[in-house]
Amino acid sequence: MRRRLIAVCGVALAGVLAACGGGARPAAEQGVLTTEPAPSSAATGSSEPGTSVEGAPNSADPGGADPGGGADPVPPSDPGQQPPGAGGRCTAASLAGRFQPTDAGAGNRYGTFVVTNTGDRPCTLTGYSGLQLLDAAGRPVPTDLVRTGTPGPEPVVVEPGASASANLRWTVVPTGDEPVEGPCEPQPASAAAIPPDETQPLTVTWVAGPVCGGGKIEISAFYAA
């Protein structure tokens, strides 16, 4: 009787061990969901230093199409330091913007992005605007925004009615597999621009034609206009 009881217990224990050993499946068989952080957009403004912000949906390799020279190194900045009487950060609601072509040569185009404080109190810009080119229907056009260090990020107090500017440079020479006949890239009609450290954009009319090199635009930090 004792021998039969031991045999039964042994069979039961083997069944328990088999259940414990077979119950844990590899992660690949359990359907484990993994997530990755979303890529940053060129429309995102920032006071942080950086060399490149690639835009959606079709960014070119920043090192592959250089419209006349590499971007200067970007010096570090401290967005927490603001001069006396600076007020809060400038937001899209308190700014009006425009693009202003300034020069052209050797396939390069130069301009400024000018923002004017339309509010009733001073505000501060520290760093770089985000920028995403858009077509006439408001759809994203290839944009590759590259931050330069001349001038670098410094707090700029913008009084009511006053302006601040950021320098721009881009190319009109097709690069890579861009067509040489007709527009090298889709024609932008406007751009969504986000002030530094903000999330809401202001819409600015773009009148400078297609941007070749995958939509590569070099942009400086804001400075007093």
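Modeller: Start with Glu-178, which lies in the loop between strand E9 (163-171) and strand E10 (190-194). Strands here are DSSP runs of at least two residues, numbered from the N terminus. This is a predicted model: local features need pLDDT of at least 70, side-chain atom pairs count only at pLDDT 80 or more, and totals for chains, interfaces and linings use all residues. Residues are numbered from 1 along each chain as its sequence is written, and side-chain values use heavy atoms, with hydrogens and water left out.

Glu-178 is buried yet has no salt bridge. Buried means under 20% relative accessible area, exposed over 50%, and partly exposed in between, with a 1.4 Å probe and protein chains only. A salt bridge needs a side-chain nitrogen of Lys or Arg within 4 Å of a carboxyl oxygen of Asp or Glu. For Glu-178, the nearest side chain of opposite charge is Lys-216, 11 Å away. Lys and Arg count as positive, Asp and Glu as negative; His and the chain ends are not counted.

Now the charged pairs. Side chains of opposite charge can pair when their charged atoms come close. The count comes to four salt bridges. One of them joins Glu-218 and Arg-169, at 3.1 Å, N to O. Glu-218 lies in strand E12 (residues 216-219) and Arg-169 in strand E9, so this pair ties together parts that are 49 residues apart in sequence. Glu-218 and Arg-169 are both buried.

Arg-139 and Asp-135 also meet in a salt bridge, at 3.0 Å, N to O. Arg-139 is exposed, at 52% relative accessible area. Asp-135 counts as buried, at 14%. Asp-120 pairs with Arg-121, their closest N and O atoms being 3.7 Å apart; both are exposed.

Last, the core. A nonpolar core is a set of buried Ala, Val, Leu, Ile, Met, Phe, Trp, Tyr and Cys residues joined through side-chain atoms within 4.5 Å. The largest has 27 residues, and those with the most contacts inside it are Phe-99, Phe-113, Leu-125 and Ile-217. Strand E9 gives the most to this core, with four residues.
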